[in-house]
Amino acid sequence: MTPCTRILSWLPAFVGDELDVAAAATVRQHLRDCVDCRRQAASLQQARNALQRLAAAPAPGVDEAWFASLQQDVVAAVARQAERPAPRWWEAMRWPVSVAAAAALFSCGWWLVRDDGPESLLQRPPLVTTVGHAGASLGPAKAVPWSGERLQMQPLGDEGGVESGFGPGMMGRYQLRTLEGREWPAGWPLPEAGLGAGAGAAGETPLAPGRSTHGR
Amino acid sequence: MIQKSISQLSAAASDGGPDSSPSGLPGGLPRAVADLAAAGGISDAELVRRTLAGQQDPFAALVARYQKRAFWIAYHVVGRVEDARDVAQEAFVRLFRSLAKYDFSRSFYTWFYRIVMNLAIDSLRKLRSARAGSLDDLPGGLADEREEPGSAAIEQQEQHGQVWAVLEKLDAKFRAVLVLRDIHGMSCREIAPILGVTHATARWRLHRGRQVFRDHWERLTGNGGAQGVER
């Protein structure tokens, strides 16, 4: 922050005499040397002076007699207010009851027209699909869960003897490796083996412990 | 009890009352009310307490004490005599209605000015949305025809008109803080509770309000601050 930036941010308070003594002295010192800031301060001061002069400006038609009539009007208005009978209980309850009725009406309407819509993907049964080598014959059908624990993709090429049909590229090296060893979630439909050509050639049981999804 | 006391007061005021204005008291007040209003030893809180206890004059004394300040604050915020009068009157009615809720540990005038300011800002917003731009709607109203202004007075009136025009361009929240600080001379510590904001917010609004006012003022008057600053 340059000295001018800091001083300019203080000027509105400076012209209103609202800065502490030290800050005001800093501003005053700076204004002695800086023409631009001095001009800014002068314009703020002039505008403020014009505003302050409004305090002494009379309002048209307002004088002591006018205030006397205002006093009478105020007292009369307060008297009318005081004479007004106290609101009956149902009048006092009018607003709360109205709000409660509107809320109840809205709730009923919402219940009638609401659309359940499709359930969340996370609550659906798993999608039955096939996994296996990219480019190789499809492996047995597997159920890939929509939800639940995320499985790590593992590079196949790092394991001895495992090669992808597509070679070492991204498509070939990274596969959804396995679901084996995991509990089949209760209530999920068992996947059908043999989806697609060549699928299920090994006749594997899905999620069988110790079996790969890659037809190894 | 309050209702009874105010009814008695109203009757006394409308009938002229036994002690009313022939005595030449300022504002045509009954002597007891004028004495109460002028008594420095009787605080506002004490007047509230007496009103709540059912006495008839203390509320009228509160009106006498505060009606001018209420009117002028409302006038500088709203910009029209009739509307400012309505605001002042409504503020006293609301004050009376909520007198029983007054927190005696707090300043009376802050509480009352807050009522006035809220009503004035509401009135300003309604006025702005309804304003059709006729001559009658100019802020500050027309000049008092009973005066015969000389050239200096004409110049003064012209400048006041320019100030009103600039105030008219300001957002209500800036206008309110400028009116309270620069016209009515209140401190930011007094202004904050009246506007229902923190001290820091009041200071920021004042800071920003002065800059915005200055920008509009320069645009309107073509005056870029050629003179030096005196402080």
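Predicted model: local features only at pLDDT ≥ 70, side-chain atom pairs only at ≥ 80, totals over all residues.
Chain A contains 7 helices and 4 strands. Along the sequence these elements follow the order α-α-α-α-α-α-β-β-β-α-β. Of the 216 residues in chain A, 32% are buried. Among contacts in chain A with a separation of 6 or more, 57% involve residues 24 or more positions apart.

The interface between the two chains brings 53 residues of chain A into contact with 59 residues of chain B. Together the chains bury about 5100 Å², of which 61% lies on carbon and sulfur atoms. On the side of chain A, the residues that lose the most area to chain B are L51(A), L54(A) and Q71(A), which together account for 13% of what that side buries.

Between chain A and chain B, 5 salt bridges are found. A salt bridge joins the side chains of K68(B) and E64(A), with an N to O distance of 2.5 Å. Polar contacts between chain A and chain B amount to 16 residue pairs, with both residues at pLDDT 80 or more. The side of chain A that touches chain B receives at least two residues from each of α1 (3-15), α2 (21-33), α3 (35-53) and α4 (64-83) of chain A. The greatest contribution to this side comes from α4(A), with 19 residues. Classified by residue type, the side of chain A that touches chain B comprises 29 nonpolar, 12 polar and 12 charged residues.

The largest nonpolar core has 82 residues, and the members that touch the most others are F112(B), M117(B) and F213(B). Helix α4 (residues 58-78) of chain B supplies the largest share of this core, 13 residues. Another core, of 14 residues, lies apart from it and includes I7(A), L11(A), V27(A) and A41(A). When neighbours within four places in sequence are left aside, the contacts of F213(B) comprise A47(A) and L51(A) in chain A, together with V163(B), V166(B), L167(B), L170(B) and L178(B) in chain B.

Q159(B) belongs to helix α7 (residues 151-169) of chain B. The side chain of Q159(B) forms a polar contact with the side chain of R53(A), at 2.9 Å. With neighbours within four places in sequence excluded, the residues in contact with Q159(B) are A50(A), R53(A) and W217(B). The contacts of Q159(B) therefore include residues of both chains, because A50(A) and R53(A) belong to chain A and W217(B) to chain B, each having heavy atoms within 4.5 Å.

T198(B) is located in the loop between α9 (188-195) and α10 (199-221) of chain B. The side chain of T198(B) makes a polar contact with that of T201(B), at 2.8 Å. Between T198(B) and C188(B) the sequence separation is 10 residues, and the C-alpha to C-alpha distance is 9.4 Å.

Conventions. Residues numbered from 1 in each chain as written. Chains lettered and ligands numbered in written order. Heavy atoms only, no water. Core = buried A, V, L, I, M, F, W, Y, C linked by side-chain atoms within 4.5 Å. Buried < 20%, exposed > 50% of the residue type's maximum accessible area, 1.4 Å probe, protein only. Buried area = accessible area lost by both parts, 1.4 Å probe. Salt bridge = Lys/Arg side-chain N within 4 Å of Asp/Glu carboxyl O. Polar contact = N/O pair within 3.5 Å; in protein donor to acceptor, adjacent residues only side chain to side chain. Nonpolar A, V, L, I, M, F, W, Y, C, P; charged D, E, K, R; others polar.
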